[in-house]
Amino acid sequence: MYYNSQIEGVARIEPKLFGEELDQAVLVQLKADYEGQATPELGRVIAILSVDEIGDGILIPGDGAAYYKSTFSVLHFLPEINELVEGEIKDIAKFGAFVDFGPFEGMVHVSQAMDDFVSFSKSGALQGKQSNRSLKVGDKVRARVVAISFKDPKTPKIGLTMRQPYLGKTEWIDELVKGEAKAAKKAEKS
């Protein structure tokens, strides 16, 4: 889920930024330090929106930089268990599919790809045995977050499932909705 949060932190202003206005130098440094980074508390930081407050600076002997305690606003995406995400399949492997859903990439294990026995086909797709449904690179999908690990903040692991109703390839969801609408009209007539 996307959030706009106010954060307190310290900006280490390098000497090359000393000629800039303080608020601009702090903004530049916070963007360099935070944007694109992932942490368990914030998820992935999308953007530093504003610097709201800058405290007095301090110098540490032996370090040419100045340190400023700052309060700033960030736009960030923090995935949550059971959250629905929509994305695109970026890669398929024998063990599952990798789904890009904006700030993160998640993995759908073959056992969670669909309600069917799934195998890896010669064409590089995941194929359902009974349903004959397939997932390939470029397909648009809807999935549910079932696991999140920030053990390695540079590459967080997000587990996804598509085995529940209204999840999976968007064409499958459209077929399901049309089928239900048709059944409702039929029930209405009788």
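Modeller: Two strands are said to pair if DSSP finds at least two bridges between them, and with that in hand we can read this predicted model strand by strand.

Biologist: Which residue in E12 is the bridge partner of Ser149?

Modeller: The partner of Ser149 in E12 is Lys157, and this bridge belongs to the antiparallel pairing of E11 (residues 140-149) with E12, which extends over 5 bridges. Strand E12 (residues 157-161) is also mostly covered, with 4 of its 5 residues buried.

Biologist: Do E7 and E12 run parallel or antiparallel?

Modeller: They run parallel and are joined by 2 bridges; Met107, for its part, has Gly159 in E12 as its bridge partner.

Biologist: How many residues lie between E5 and E6 in their hairpin, and how many between E6 and E7?

Modeller: The hairpin of E5 and E6 has 2 residues between its strands, whereas that of E6 and E7 has 4, and in the turn of the latter Gly102 has a positive phi of about 90 degrees.

Biologist: Which residues have the most contacts inside the largest nonpolar core?

Modeller: As a general idea, nonpolar side chains in soluble globular proteins tend to be buried together. Here the largest nonpolar core has 25 residues, and those with the most contacts inside it are Ile89, Phe101, Phe104, Leu126, Leu135, Leu160 and Met162. The elements that give two or more residues to this core are E5, E6, E11 and E12. Apart from it lies another core, of 14 residues, including Leu17, Val26, Ala66 and Val74.

Biologist: Which residues does Ile89 touch, not counting those up to four places away in sequence?

Modeller: Among them are Ala97, Phe98 and Val99, and also Leu135, Val137 and Val141.

Biologist: Which residues make the nonpolar surface patch of about 230 Å²?

Modeller: That patch is made by Tyr166, Leu176 and Val177, and of these Leu176 is found in helix H2 (residues 170-189).

Biologist: Why does Leu176 count as partly exposed?

Modeller: Buried means under 20% relative accessible area and exposed means over 50%, with partly exposed in between; Leu176 counts as partly exposed because its relative accessibility is 34%.

Definitions and conventions
Residues numbered from 1 in each chain as written. Predicted model: local features only at pLDDT ≥ 70, side-chain atom pairs only at ≥ 80, totals over all residues. Heavy atoms only, no water. Patch = residues over 30% accessible without salt bridge, like charges linked within 9 Å, V, L, I, M, F, W, Y side chains within 5 Å. Areas by Shrake-Rupley, 256 points an atom, 1.4 Å probe, with all protein chains shown as cover. Salt bridge = Lys/Arg side-chain N within 4 Å of Asp/Glu carboxyl O. Buried < 20%, exposed > 50% of the residue type's maximum accessible area, 1.4 Å probe, protein only. Core = buried A, V, L, I, M, F, W, Y, C linked by side-chain atoms within 4.5 Å. Contact = heavy atoms within 4.5 Å.
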